[in-house]
Amino acid sequence: MSDSHNETAWRILFERHRIAEEVAHHGSYRIRAATIKTVREPRLMAKFDESSALPSVFREHQLSILPLSRSEYVIGPFHTFHQLEYMTAYAPPQALPVPLLDTLGAEQITGEQQALSVLYHSGGMQTVCEHPHPINTRNGRSGSGDFTFTIAQTRPGVPPHTVQVHNAQIEIDAVYETSEAVFLCEAKNRHLRDINLRQLYYPYRMLQSLTRKPIYPVTIIYTNATFHVAVYEFHEPQRYNSLVMLRQHAFRLDTHPLGWPDLERIHASTHECTVPADIPFPQADNFDKLMRLLETLLQKPAGMQTDDITEFLQYADRQSDYYANAGRYLGFITKDASGLYTLSPTGAHIMRLPWAQQRQAMIAAIFACPVWHTAGRWMLQQRAVPTVAQLYAMVMHHPALAAYNETTARRRMQSVQAWLQWIHAQLSG
């Protein structure tokens with residue numbers, strides 16, 4: 001969600017300079033930093049890391065903003081954002097050893113640079129770069145140099161817009177170089193649905209002037225002790241929207257490795273809870289996505305409506321409610337009479353814990369849920385995740401499923417299995 005001060009300031013500028021009308025008539029609108037500064041600092045007004053941060057006046061008119069230089073920007077109906085994918089939706093992360101360094105704490109990574117350092121010193125960056133000794137050559141602010149590109153527009157049938165950049169300011173999180181290639185990294189220490197491609201494209205064009213080696217843009221998202229990494233290439237360097245993903249990696253830091261005995265201890269400490277009758281049985285087949293919703297709610301203490309969650313998850317409203325209600329089922333999310341979802345005190349407490357404690361608290365909460373308590377006991381006895389058919393056979397008469405026919409109850413077992421698979425993925429080795 002966007003900054004409220006930006007919301008007000010951009011409304012003033014749009015009305016004062018008739019920006020939407022100018023874009024409709026001319027295709028774009030150039031605005032100087034000095035003009036923006038009449039209402040607020042440009043550095044606060046023109047940096048949007050994700051689409052949800054765009055002020056509503058931009059979203060209403062399907063507009064975005066790009067820097068042209070250090071003193072000028074262009075506003076237009078541009079496709080500036082690129083949706084991110086998360087590998088853990090369908091594959092467990094690879095375990096990484098934690099660096100044994102007193103001054104590089106892996107348990108509480110609070111910034112992008114620390115996350116990058118941990119990824120490098122744990123060996124993850126070597127896997128990403130496919131080289132045993134990638135060298136960190138650049139980071140920080142610099143000028144972009146001069147270049148021209150085309151960018152796709154949000155309006156159907158409108159041809160790409162041509163943009164000319166003259167030494168705009170860029171900021172690079174890290175560049176790693178090997179004998180064969182250059183890897184341009186953009187890191188975030190929180191979940192993002194999408195990323196402003198400008199953060200990769202402008203530095204990419206600058207690096208092109210320095211090397212003939214292939215340059216691979218890399219997104220690194222660190223959340224819940226897991227690195228989500230995607231390696232890309234710009235298929236057509238002159239075209240902003242030509243980013244193509246080549247491969248993905250997911251790494252989990254083993255700060256406190258878990259084994260089957262740990263799961264047995266956690267399960268033994270839980271008792272099957274009673275869930276309020278107004279909360280439906282979960283239909284959320286991706287527990288990592290539920291974790292990201294909880295993380296986002298922690299960042300938004302004012303809460304989220306269904307529309308906000310729909311935008312975040314990019315699901316239909318009904319499916320968004322599935323994930324919100326799954327959080328309620330666990331006791332981590334509350335819903336008020338107006339339909340506003342917020343973290344419960346328990347959920348807020350758990351989401352603020354260090355990852356090792358948070359993970360165990362999550363597992364305990366799952367094991368305490370009706371059906372999962374029984375299914376968890378079977379999983380621990382068999383040292384395996386049960387199939388959907390096995391799950392239905394063992395809990396078909398459970399009171400939590402009494403309201404469902406056989407077909408619906410079997411479908412609900414897909415969520416039961418998915419959450420148990422998430423637990424299983426936390427095991428080391």
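Author: Gladly; please keep in mind that this is a predicted model. We can begin with M45, whose place is in helix α4, residues 42–45.

Reader: OK, is M45 buried or exposed?

Author: M45 counts as buried, because its relative accessibility is 0%, and the cut-off for that label is under 20%.

Reader: And what does M45 touch, not counting residues up to four places away in sequence?

Author: With those left out, M45 touches N6, A9, W10 and L13, and also I36, V39 and R40.

Reader: What about Q62, then, where is that?

Author: Q62 lies in the loop that runs between α5 (56–60) and β2 (64–67). Its phi is near 55°, which is again a positive value in a residue other than glycine.

Reader: How exposed is Q62, and what does it touch?

Author: Q62 counts as partly exposed, because its relative accessibility is 46%. Not counting residues up to four places away in sequence, Q62 touches G76, P77, F78 and T154. The C-alpha atoms of Q62 and R155 are separated by 8.2 Å, while along the chain these residues are 93 apart.

Reader: Zooming out, how many helices and strands are there?

Author: The protein has 17 helices and 16 strands. Its radius of gyration is 24 Å, close to the 22 Å that the globule rule gives for 429 residues, so the protein is as compact as a globular protein of that length. Taken along the principal axes, the box that its C-alpha atoms fill is roughly 65 × 55 × 40 Å.

Reader: What share of the residues is buried?

Author: Buried residues make up 54% of the 429. As for contacts with a separation of 6 or more, 69% of them are accounted for by residues 24 or more positions apart.

Reader: Which residues touch the most other members in the largest nonpolar core?

Author: Those are I220, F227 and W419, in a core of 83 residues. Helix α17 (residues 406–425) contributes the largest share of this core, 8 residues. Apart from it lies another core, of 33 residues, with L66, Y86, I151 and I195 among them. In general terms, nonpolar side chains tend to be buried together in soluble globular proteins.

Reader: Back to I220, what is it in contact with?

Author: Leaving aside neighbours within four places in sequence, I220 has contacts that include L116, L119, M125, F227 and V229, and E186 and K188 are also among them.

Reader: One more residue: where does H131 lie?

Author: H131 lies in the loop between α7 (124–129) and β6 (135–143). Leaving aside neighbours within four places in sequence, H131 is in contact with Q126, T178 and S179. Y120 is 11 residues from H131 in sequence, and the distance between them in space is 12 Å, C-alpha to C-alpha.

Reader: And last, how are the charges and the surface made up?

Author: The protein has 38 positive and 39 negative charges, and their mean positions are 2 Å apart. The accessible surface comes to about 19300 Å², of which 49% belongs to carbon and sulfur atoms.

Key: Residues numbered from 1 in each chain as written. Predicted model: local features only at pLDDT ≥ 70, side-chain atom pairs only at ≥ 80, totals over all residues. Heavy atoms only, no water. Core = buried A, V, L, I, M, F, W, Y, C linked by side-chain atoms within 4.5 Å. Buried < 20%, exposed > 50% of the residue type's maximum accessible area, 1.4 Å probe, protein only. Helix = DSSP H or I, 4+ residues; strand = E, 2+ residues; numbered from the N terminus. Contact = heavy atoms within 4.5 Å. Rg over C-alpha atoms; globule rule 2.2 N^0.38 Å. Areas by Shrake-Rupley, 256 points an atom, 1.4 Å probe, with all protein chains shown as cover. Lys, Arg positive; Asp, Glu negative; His and termini not counted. Charge placed at Lys NZ, Arg CZ, Asp CG, Glu CD.
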